[in-house]
Structures are given as C-alpha cells and as structure tokens.
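Please look at the sequence and the structure as I bring them up.

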Amino acid sequence: MSQSAVAYSVQQSVASLIMHNPPVNALGKAVRVGLVEGIEKALADDAVKVIVITSDIGFFSGGADISEFSTGDFEPNLSTVVLHAIEQSTKPVVAVLPGPAFGGGLELALACHYRITHKANKVGLPEVNLGILPGAGGTQRLPRLVPVQQALDMVVSGRPQSVTKLPSVFAEIVDSVEQLPAATQTFIENLDLTADIPRTCDITVDSASFDPALFEQYAEGIKKQARGFFAPFNCIKAVQAATELPFPEGLQREGELFLECMQTSQARAQQHFFFAERAAGHVQDYDKSTPVRDIKKVAVIGAGTMGGGIAMNFANAGIPVTMLELQPEALEKGLSVIRGNYERTAKKGKLTAEDVEKRMSLLTGTTSYADLADVDLVIEAVFEKMEVKQAVFKSLDEVCKPGAILATNTSTLDINEIAAATSRPQDVIGLHFFSPANVMKLLEIVKAEHTAPEVIKTCMQMAKIIRKVAVLVGVCFGFVGNRMIEAYGREANRLMLEGATPEQVDKVIYKFGLPMGPFTMGDMAGLDIGYFVRQSRKAFIEHDPSYCVVADKLVEDGRVGLKAGKGVYLYEPGNRQPIPDESVLEIAKQEAARLGIEQRKISDQEILERCIYPLINEGALILEEGIAAKASDIDVIYVYGYGFPVYRGGPMKFADEIGLDKVLTAMNKYREQLGDYGEAWFKPAPLLEKLAQQGKTFN
Ligand code: 3H9
C-alpha cells in the first residue's frame, strides 16, 4: 500500500501530521488535503492537546507543487484554506523542521504557532525566481516576525537564509538534527496550554521600526539588477502592504499581486525554466545501471585564459589539476593569472587567504605529457585548429592510462575527427566551457559518434561537482549555442548594411533583456575571433556576398574590438564604454552601395525579429537533426551561456509564448522582402512550419 502524503498519528496527547511527498515534500493537492484533514481530526479529538507538523524526509517542504500551477487547480487553497485552518487552530500547532523549508513550505511553518529546527537548516522564499511572489501569506507573516528590511531582502532576492539569521522566527534552534525529537518533546511538555496561542497574524508591524521611504528606495536600488523583471517589484508592494494593512486585507492584497504575477508570460517562462534546468539532467544516453568512472585527478592542456578558467573549476571543487603547457614561461604566466584571480576574489572578501593557498596547492604545472599518465580526465584547451588538437590527442592517447576520459574544449571543430586521432574514440568527448570558464554556469557536453555512455554519464555527474549546469548535445559546427548565435550575429551585421546603426541594434537587444547587444558583445569578445571562423568557413558563406563584410573590413583595418581600443565602437583607454563612430557607418554605407543594398530606416521591431527569429529557426533545425534532445535544453544553453533573459524562458520558450505561427509568418515575410538574402537565410525550418501549422509549441 502506498504511504499517504500526510500520515496522522496520536501519541500522548500529541497529534503528529507527518508529510511524506518525496523528493521535496512539494505541497501538492494530496498534501494540502492531508493537512486540512489532519487539523480537523486533531481538533475533533479531545485527547489531543498539541499538534505537530513535520516531515519524515530530508526536506520540511520545497513549497507549492510548481507542476500544478499550469493545471489551475489550487483547491484546497494553500493560503485561505490550509494555512488559515492551521493558524486559527484552537490547539497549539508546532512546526518541526528537520530540513529546508522553501516558498509555501516556509509559509506553512510561519502559519504554525511555534517553529523548532536545528542550526544547519536553511529556509527561504524563492518564489521570485519563478516569476511570482510568496502567495500563501509569506509576504504578510514574515515582516511580522523579522525586521522589515530583512523580510524584503528574503522575498525580493529569493535567497535562502541560515535559520541562525532568523532567531525571532524560531521558538528553538537546536545544535543538530538528531536533537530535534527530544527537543520537541521537551518543548511540548513545557508548553503552557492555558496561555493565549501566539498567531503571527495578530502581530502588528511596528511602524517606528523602519523608514517609510524604505520601499521606494528599495525599488530604486534593485532597478538595475532586476531590469526587465516584473515580480521583484510586486514583491516589494506585497511586503509594503504588510506594514500598512491589517492582516486580512494584507493577505488579500498579496493574493492580488500574486495573481498579477502568475498571469504574466514571465511567470510561465521562469517556471518553464525551473523544470528545463532540471530536465537537462535527464538524458536517454545512459541509465541507472551505467557505471561511472572516478574523477580524482584532472589535467588541463593549455594554461591560457580558457585553460586557466577550466582548471579553477576543479581546484575550487577540491580536485587536483595538472596544467600542461609546452613553454615554461606560458605555464608560469597561466598559474600567476590564476593566483591573481583568486587574490582579487579574496580582496572582495569572498575567499580567505587560506582558501587561496589551498586552491593554488591543488594546481601543479608541467611541460611534459609523461606527467599525465595517472589522470582520470584531461581537458584540452589549445588553439582552435584541427591539426593542433589532433596532435594533442595523439600524445594523450600515448601517455594516458586506459579508461582516462579525453575531452576537448573545442567550440567549433568536429569531435569525431579529433577522436579519430586516438585509438580510443569511446573515451573522447567535448566539454565546451563558456568564457570566463570559472564563472559561466553552462557546460555543453558534446557526445561524439563513439563516445561511451559511461563517459557521458561521468561527465554529466562531474559537471554537478564543479557546479555547472550541463546540457548534452551532439556534434555539428558550433554545437547548439554557437551555431545559433551565428544567425544572430549575421543578421545584426546585415542590418547595419541596410541602414541600422550599431547603437540602435544594441539598444533593441538590450531592451529585449540581453546584458548587451551583438556589437558591444563582438567588440568585447574580439572581432578577430569571428573573422578567423569566417575565414575557415568560406564555403558556408560564399553564396552571400554581404556576409559580415563590415566586420571583415574592420578587422582588416586592425579594429579588432575593445582590446585594440577600437572595433565597431571606439573606446577610451581603460574605459569599456562604447563610443559610436561615424566612420563605421560610412564603411557600411560604402559597402551597401557596392553590394546594391539600399539603406533605409529600420524599425526596432524589425531589428528584434530579424536578430531573434533566425536564431530560433536554427534552434528548430538543431532539434530536427537531434543535435539537442529537447527544446528546453536549448533554452538552458541560452540563458546560462548567452545571457538570454530568464524571464523569457530561453529562445524556444519565447517563440512558444509569442506563437509559432507568428514566428513563421515573420520568417516568410523577410524571406520575401529580402530577395536573394532572404531566400538564403530566412527559409523556415520544417519543424517550425509543422508545429506552427498544427498549433503546437516547441516545449
Ligand atoms: C510556492 O511555494 C508558491 C506559494 O508561495 C504560493 C502558492 C499558492 N514543485 O532541484 P532538485 C522537483 S512556489 C514541484 O533537483 P535539489 C524537481 O523538479 C514554490 N516539483 O533537487 C526535481 O524533479 P525531477 C516555491 C519540485 O535537492 C526534484 O523535485 N519553492 C519542486 O537540488 C528534485 O529537485 C521553490 O521555488 C516544487 N516546489 O533542490 C523551490 N521543488 O527529479 C523550488 C523541486 O523530476 N525547488 N521539485 O527533475 C528548489 O529550489 C529545489 O528543487 C530544492 C531541492 C532546493 C527544493
């Protein structure tokens, strides 16, 4: 018989409601029903004097069941029915938290009359990350228990807090989870059952305890970091309501603000993204029985920016890394850059001097391949040229022990060809880190034709250890992320030829929500990178004489971007602020005339559609080809690797939200409008056509 979601038992006048809904005790319908029934039973039983709500799994509760949101079935309502019944109980209710309480889980605890937990526990209200706000009284009860500023910080940032930072929330915080049962028993024995029951809703927020200007200032303060987001500002309004309105009205206001958020496409996008991120970890290429190899020692080939960043990930996770460079000076330089990085982090107070030394001690340098004989994983991060990479892999094949995983960090090259340079293609895989590799969360794991399932599984698990979000993809030029970005960069460049200014294009994209537009990004990365790729892919672009011609000219003039003080924009020494340059517009004008392209005023809407829709279209081709297993994987890659706004859910979710029929119509419109160019680049992917015609979505 399956265990019920809330087990009810009575022992020595204490009724226990034990939630059991693995993996995180989400407050789905069964749990909500179980809690209400439990409270009713306990109230009806004269033998019961005290009620305990707790859990028998690692979590107290991870909050409302997010997968139920799309069903619209909220009955019995968590806030107005379940938590109301708990708070209004005429018998004291004690929440005992053996593990974390998030979102609705913490709201449940706050509606109880007493809370007990242990020092190592954490709680939080992360709803803002789902595009909503705490909608079960969290914004009303928390400011009644902790200083208003602290409540605001928790609700608006969504960050979990150590329970030790919230002493006023808990009746008792014991040293360890093992002490909880005994501490609970003693606490209950000592309860004065004749005393008034302390209900959070009866507390009034002391208006003298905060500055009334706080809310406006807070909204102003988060304007930059929360740019484009809707929910954080509603979070502030909800907390403000707790300070201005009696509890019932405040709760009603919270409900209105919650609903307002829930109805936005941002909420749908962010909730999609929550599941997308987790779904990326569910892959078909292996199963539970697939073995995993130990990764206890790693080597990185190449101590440049990329190699150094990759190595730091492992040192940060306590895994020793050998860095190989053939030139001792390059090795020295690489190691000193890493030290400099750590020391800068320490200066900001995020690492101690001891941490720096510990991490540096895990990094050793070598100039000899022979020193890699005993490593479990090697990641190559050398110059992006097939012959160079193949030579490295040949050497690795000669020295590495059997079973060592041989990975390449290539961003464009064919991993099957690299694998063919070895006698063990089953051990070869792509680990495509994004720059700066020690910061960016994304890791594209690229399986080649012969990569063994256990190698894939080991790398997927290893990604978690080094705190990356891994997405498994297949081999093609640029894999998923860079293959799609090519379409976006190409279109930005073409728009400049047609008469848009770089500032206009960058502004449109920035307003859409990316951290910067394509021209600012290109200058920052270095225009020579794209130039080099174009040189090696002439066949791919030869049918389009307009392909990035302005960018090519700039690079040939030495204008390679920020590092040269000039690229598409100009830069003053030591300043990253782009300065528009008329001479670039002049080049665009001349090139347009040479190519017979008539310059015109281009609307912001056209710029947005022409940059984003071809990117989505490429995503559709990638799905059709099986390079990505699911649309949500592409979304994860774009949010974590390219700064696509999470409140749009990623490019494929964005397309779903606006409607695939609209994307298809626009693709066809530009295909017609742009003549040969349109024919070359705006042909809708068959999958887009099919789904649009069927009224379906990518996700
Ligand atoms: C809310 O409470 C609204 C209320 O204010 C108002 C309501 C009226 N629902 O992350 P993991 C699944 S909104 C459904 O890998 P971890 C997750 O998808 C909620 N499913 O584990 C995954 O499934 P799968 C506010 C959920 O240990 C599995 O559980 N709460 C939920 O690394 C394991 O998850 C939040 O925003 C859920 N609430 O991290 C907290 N939570 O195995 C959201 C998890 O099929 N959750 N799942 O892929 C989290 O932040 C993390 O999951 C948590 C555990 C920290 C709890």
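Helix α12 passes helix α13 in a right-handed crossing; a crossing counts as right-handed if the near helix is turned clockwise from the far one by less than a right angle, and as left-handed if anticlockwise. This is a predicted model, in which local features need pLDDT of at least 70, side-chain atom pairs count only at pLDDT 80 or more, and totals for chains, interfaces and linings use all residues. Residues are numbered from 1 along each chain as its sequence is written. Helices (H or I, at least four residues) and strands (E, at least two) are DSSP runs, numbered from the N terminus.

Two packed helices are described by the angle between their axes and the distance between the axes. For α12, residues 328–347, and α13, residues 353–361, the angle is about 160° and the axes are 9 Å apart. The α12 helix is therefore roughly antiparallel to α13. Here, axes are lines fitted to C-alpha atoms, for helices over the stretch in contact, and angles run from 0 to 180 degrees between N-to-C directions. Angles under 35 degrees count as roughly parallel, over 145 as roughly antiparallel, 65 to 115 as roughly perpendicular, and the rest as oblique.

Which residues make this contact? From α12 they are Arg339, Tyr342, Glu343 and Ala346, and from α13 they are Ala353, Val356, Arg359 and Met360. Two residues are in contact if their C-beta atoms, placed from the backbone, lie within 7 Å. By class, the contact of α12 with α13 has five nonpolar, no polar and three charged residues. Ala, Val, Leu, Ile, Met, Phe, Trp, Tyr, Cys and Pro count as nonpolar, Asp, Glu, Lys and Arg as charged, and the others, Gly among them, as polar.

I turn next to α4 and α5. Helix α4 (residues 138–145) packs on helix α5 (residues 148–157) at about 145°, with the axes 7 Å apart, and α4 passes α5 in a right-handed crossing. Gly138, Thr139, Leu142 and Pro143 of α4 meet Val148, Ala151, Met154 and Val155 of α5. This contact of α4 with α5 comprises six nonpolar, two polar and no charged residues.

Phe273, Ala276, Glu277 and Ala279 of α10 meet Ser632, Asp635, Val636 and Val639 of α25. Five nonpolar, one polar and two charged residues form the contact of α10 with α25.

Helix α10 also leads us to the ligand. At least two residues of the ligand shell come from each of α2 (78–87), α3 (104–111) and α10 (265–279). How many residues surround the ligand? There are 24, and the closest are Gly62, Gly63, Ala64, Gly103 and Gly104; a residue counts as near if its C-beta atom, placed from the backbone, lies within 6 Å of the molecule. The shell around the ligand has twelve nonpolar, eight polar and four charged residues.

Finally, some backbone details. Pro22 and Pro23 are joined by a cis peptide bond with omega of about 5°, and Pro23 lies in the loop between β2 (14–19) and α1 (29–44). The peptide bond from Ser435 to Pro436 is also cis, with omega near -5°; Pro436 sits in the loop between β15 (428–433) and β16 (442–447).
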